Amino acid sequence: MIPLLRRRKPDGQPRRLTLEILRHNPADPASVPHLQAYEIEEAEGMTLFIALNEIRALQDPSLMFDFVCRAGICGSCAMLVNGRPGLACRTLTRDLGERITLAPLPVFELIGDLSVNTGKWMRGTSERLQTWIHNNTPTDIDAIETRMEPLTAEAIYELDRCIECGCCIAGCGTVQMRESFVGAVGLNKIARFRLDPRDTRNDEDFYELVGDDDGVFGCMSLVGCHDVCPKQLPLQTQIAFLRRKMAVVGLI
Amino acid sequence: METIHTDVLVIGGGLAGLRAALAARKRGNSVLILSLVPPKRSHSAAAQGGMQASLGNTTKGAGDNEDVHFQDTVRGSDWGNDQDVARMFVHTAPKAVRELAGWGVPWNRVQAGDREAIIDNQRVTLSEPEEAHGLITARDFGGTKKWRTCYVSDGTGHAMLYAVSDQTIAEGIPVHERMEAVSLIHDGLRCYGAIVRNLIDGKLVAYIARATCIATGGFGRIYQSTTNAVINEGIGAAIALETGVVPLGNMEAVQFHPTAIFPAGILVTEGCRGDGGLLRDVDGHRFMPDYEPEKKELASRDVVSRRMEAHIRSGKGAKNRFGEHLWLDITQLGAQHIDRKLREVKEICHYFLGIDPTKQWIPVRPAQHYSMGGIRTNAHGAAYGLSGLFACGEAACWDLHGFNRLGGNSVAETVVSGMIVGEAIADFCTSSAGDMSLSTALLRECADKARAEFSAITDNHGPENPAALLAAMQAIMTDKVGIVRHGDQLAEAVKELTELAARSRQVGLRTHRPGANPELTLAWRLQKMLKLAICVAHGARQRTESRGAHFREDYPQRNDAEWLKRTLAYWTDPKQVVPSLHYEALDIRRMELPPGWRGYGARDAIEHPETARRMDQIETIKAQFANADRHSVQHALMPFRHLLPAHLRGDNARPGEPV
């Protein structure tokens, strides 16, 4: 644990924060979902990562949540912070009021309290959408690599930055009605591989993967995904662009 | 108990484990990966700045090749590494980058023509030739003679991890997520898989495998101040140690990264300094040239971290409410460069510090970053002491890095060692050594033993709190087994850690939650982590010299005469309180590059009597091969290609050096 400095109010007192956490343990038949409140003293630079770990260390060792990198790059800690999907590790308490509500991401299978099984969902989506480079020509690893335009590489990386945190799914209107919808995370991946000259699939192939209501035509364009994406991926543009391309294939 | 059978069990779903799994799968084995977290969330994703491979595509990389990369790596290790392994690695790294390009990693590419860059605080124009346009580019990193670090902005590890993970999905390799290996199934001679705990329902499962590969990463979380992810607790290394027959190598060799943001300890990449960033003190003075006129901010990490701590001790640290730190200044790189090449750094500064690094300096202080030590293996990744057990990546002491790893060599090691060790695993499985017969009695004994570890904790109603003991251990490690070490402090650390270990067996759980109780998980891991911490502290105390990242104030010289050897820590008897240390000599007579000055840092090493003799020999060989190509000279000095799988032995083509 990092040593902390308590944040002082103008009158010299640190704020007392109340974290209301939605608790439920599916492994316990007697468990009923409920909000449990924890009070802690705010510290300088306190993130929800620090706050939750402090609660678990000092108040309630049974509290379940997921953190890995605690630096905003691995996507483990997405949860609803005051109802909005976001990465807990990089959410500073100073940006929030004195009462903070935390709940697990919806849609995903609940493991316990704030921990959900995004990994299982994401692997399933990867298998369904075949999110890997399709290319039957083996790479000669002794030879000088195939060239790529520098701007193409940067454009691919722009979409490759997705961290599969699940915020877009939690913020998606369509998913609420259609569980099988691939969501912005899935559509963004198709856009990413479509852009990659190393992938030999064409639009007809991609149409087979996302040319239906579970794919790009299911999106109702509410684009909550775009608003909550912690990596600020251009999801709105990508979905719109992909829909146009898939519509063209569909019309042929 | 549920039992699952597979040819190959890979423990750890980071880059090293995934790549080894792919190699073994492609040779026809059934492979199963266990991972604490979904593989794409592994700590490999945190590698920012890039991966070293001597492609030599850029102007500042011209003339680079395996020889230069080899020498940089050996010097970086302070002659503590295995030179055969270093050769295997530098030879395979270009192949790994190219393979990853084929799998979709969007490596940044060379743009032909002029561009502005900052080198040593000077604005210069670099000109890239037309024929290099579109090839994989590289940036500068510490301790290297050439710009060799291939990158994807500053999300290199992320891009690599996603590409390799997607390949394992394409191959249909199952990953059992949220599973933790809690002990190895073994009889003291052969490993038969692992007893594994499901972190969702808390149940134990037996995974029986002909070959088991540990790729669980490092153990940075034994320190208070670390850049490591919270899952880097070293449990894979600990369960190998607990077999009693597998040693951990060089556990005292712990790297501290110069630029962790202060106080949170989150990494900002070495690429910041590689791209022209400077370190400044409380007065705004750029102090590194005063200490290191040759490489300045771009000396190796051990040297820069040590100089930074010394500068703070001399009273030149900047102060904020949390303590003392120094400044990393990347403002001169400009917003356009930072927005494209250092965007994760910008995000981290924004979210965790509330500052804009295009305009403001970043508060930094060295923090634990990398474990050079780990499960000791041979050049093929086979663990010492237990047939059928392999290790690769940071969990292993393969020993590419010796006593200090170069930036960009770890994420490179993950994939390269995965390529090599995965083949060795497949070879093992096709050989008679890969046959096995496991008695149900042994399986039952191993399962009972694992179960007993957990029930000993749940049945104990002692006074101790595991979270408090964990925090105490982390404080001891950072305070007394850190960047600057002293025999007296190390002795205190060993004593205090052994006391904590005794107390860790007296915990009383406050919660009894059905399923995987996080408090029980913590209490169980704590005992393992303490063993690792004791290996680090005890090994550091016994090593009465300074080498790489292991710096002893009371023994400040590198002592090749007495300490050119690798520490092997064994925990033979569960009742032992400190490990038994054995030492494995490094043989100068076989070295391609005998010990000398690194090109930065101290120059006062105590020489080994063999060094001069080997130097003469090398001169003679070089004279004999005066007209031969560089590969022939290298082969005459220290042949290594026979150690590589056949398909990785070929020469690497590069511009100006076609095959």
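Analyst: Buried means under 20% relative accessible area, exposed means over 50%, and partly exposed lies in between (1.4 Å probe, protein chains only). This is a predicted model, where local features need pLDDT of at least 70, side-chain atom pairs count only at pLDDT 80 or more, and totals for chains, interfaces and linings use all residues. Residues are numbered from 1 along each chain as its sequence is written, chains are lettered from A and ligands numbered from 1 in written order, and side-chain values use heavy atoms, without hydrogens and water.

User: Is B:W563 buried or exposed?

Analyst: The relative accessible area of B:W563 comes to 8%. Because buried means anything under 20%, B:W563 counts as buried.

User: How many aromatic pairs are there over all chains?

Analyst: Rings of Phe, Tyr and Trp (its six-membered ring) pair if their centres lie within 6.5 Å; planes under 30 degrees apart count as stacked, over 60 as edge-to-face and the rest as tilted. By this rule, the count over all chains is nine.

User: What angle lies between the planes of B:F287 and B:Y291?

Analyst: The rings of B:F287 and B:Y291 are 6.4 Å apart, centre to centre, and their arrangement is edge-to-face. B:F287 is buried, at a relative accessible area of 0%, whereas B:Y291 is partly exposed, at 27%. The angle between the planes of this pair is 75 degrees.

User: And what is the distance, centre to centre, between B:W563 and B:Y583?

Analyst: B:W563 and B:Y583 also make an edge-to-face pair, with 80 degrees between the planes. B:Y583 is partly exposed, with a relative accessibility of 30%. From centre to centre, the rings of B:W563 and B:Y583 are 5.3 Å apart.

User: How many residues apart in sequence are the parts that this pair ties together?

Analyst: Helices (H or I, at least four residues) and strands (E, at least two) are DSSP runs numbered from the N terminus. B:W563 belongs to helix α16 (residues 560–563) of chain B, while B:Y583 belongs to strand β21 (residues 580–585) of chain B. The pair therefore ties together parts whose separation in sequence is 20 residues.

User: Which residues do ring pairs link into a cluster?

Analyst: This cluster belongs to chain A, and ring pairs hold its members together. Its members are A:F49, A:F65 and A:F67.

User: How many residues of helix α2 of chain B are buried?

Analyst: Helix α2 of chain B runs over residues 66–76, eleven in number, and is mostly covered. Among its buried residues are B:V68, B:F70 and B:V74, along with B:E66, B:D67 and B:R75.

User: Leaving aside neighbours within four places in sequence, which residues is B:E324 in contact with?

Analyst: B:E324 sits in strand β15 (residues 323–329) of chain B and is partly exposed, at a relative accessible area of 25%. With neighbours within four places in sequence set aside, B:E324 is in contact with B:F262, B:I312, B:G317, B:A318, B:K319 and B:R365.

User: How far apart in space are B:E324 and B:A117, C-alpha to C-alpha?

Analyst: In sequence, B:E324 and B:A117 are separated by 207 residues. In space, their C-alpha to C-alpha distance is 31 Å.

User: Is A:E164 buried or exposed?

Analyst: A:E164 has a positive phi of about 50 degrees, although it is not a glycine. Its place is in the loop between α3 and α4 (167–170) of chain A. With a relative accessible area of 5%, A:E164 is buried.

User: What is the relative accessible area of A:Q130?

Analyst: A:Q130 is another residue other than glycine with a positive phi, near 50 degrees. A:Q130 lies in the loop between α2 (118–129) and α3 (150–160) of chain A. A:Q130 is partly exposed, and its relative accessible area is 31%.

User: To finish, what share of the residues of chain A count as buried?

Analyst: Chain A has nine helices and seven strands, and its C-alpha trace spans about 65 × 45 × 35 Å along the principal axes. Of contacts in chain A between residues at least 6 apart in sequence, 63% join residues at least 24 apart. Of the 252 residues of chain A, the share that count as buried is 57%.

Methods. Contact means heavy atoms within 4.5 Å.
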